[in-house]
Amino acid sequence: FAAGPLLRLAGNLLGMTISDGLQNVLTYYCSGMLQMEPLVTSDALRDFADTLSHANRVVALGLNHSSVSAEQLAFRLNKFGVDCHMLWDDARMASYERVLKQGDVVVIFSISGRDFYETLVSEYRKNRVKVVLITMDPDSSLCHLVDISIVLPFLTYNAGGMYPMDETVIFFMFIEMLAEKLHQTLHRLDE
């Protein structure tokens, strides 16, 4: 992907000069976003948006750095009138085993798809809670335990010689793609 000329053109149109350092970062993230296209299909987004639009309640989970993305999802879903809140504390996540029931949806953000969630997923699923995993590890054992798994590009791993890039940008772009599909879904349901 040769984003350099495109970014320079965009910068010229906006009256900006894009420095080499900024161009490297923009090229890197643009490349990562383009890598999402074959990974996140329109059908997968539609299924996820449909699941969210019919949920009684949505709980977004994320530990450590992934909690920022869980919080962003809750913020975006609330703007659409979808009841969603986020949990970042493992004890509170475990306590929801007794609260969540059929018709509820749990969305897990985990860059690594950590094994930590395996017991939680098992308990949630016993209550017929639909569980969605958004990860950057296609080999995560969690992918096989959840109802829907979405694997995004893992840019830090692919960064080569660059400094560690932040995965949150990719999670946030995915959330915006989902928000657009959810908007379409809710609009269709209102007709």
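**First stop: a salt bridge**

Select arginine 125 and aspartate 147: they form a salt bridge, with the closest N and O atoms 3.3 Å apart (a salt bridge is a side-chain nitrogen of Lys or Arg within 4 Å of a carboxyl oxygen of Asp or Glu). Arginine 125 sits in helix α6 (residues 117-126) and aspartate 147 in the loop between β4 (130-135) and β5 (148-151), so the pair ties together parts 22 residues apart in sequence. Helices (H or I, at least four residues) and strands (E, at least two) are DSSP runs, numbered from the N terminus.

Buried or exposed? Buried means under 20% relative accessible area, exposed over 50%, and partly exposed in between (1.4 Å probe, protein chains only). Arginine 125 is partly exposed at 36%, and aspartate 147 is partly exposed at 35%.

A word on what you're looking at: this is a predicted model, where local features need pLDDT of at least 70, side-chain atom pairs count only at pLDDT 80 or more, and totals for chains, interfaces and linings use all residues. Residues are numbered from 1 along each chain as its sequence is written, and side-chain values use heavy atoms, leaving out hydrogens and water.

**Next stops**

Now pick arginine 57 and aspartate 104, another salt bridge, at 3.3 Å between the closest N and O atoms. Arginine 57 is in strand β1 (residues 57-62) and aspartate 104 in strand β3 (residues 104-110), 47 residues apart. Both of these residues are buried.

Finally, zoom out: the protein chain has 7 helices and 5 strands, and 46% of its 191 residues count as buried.
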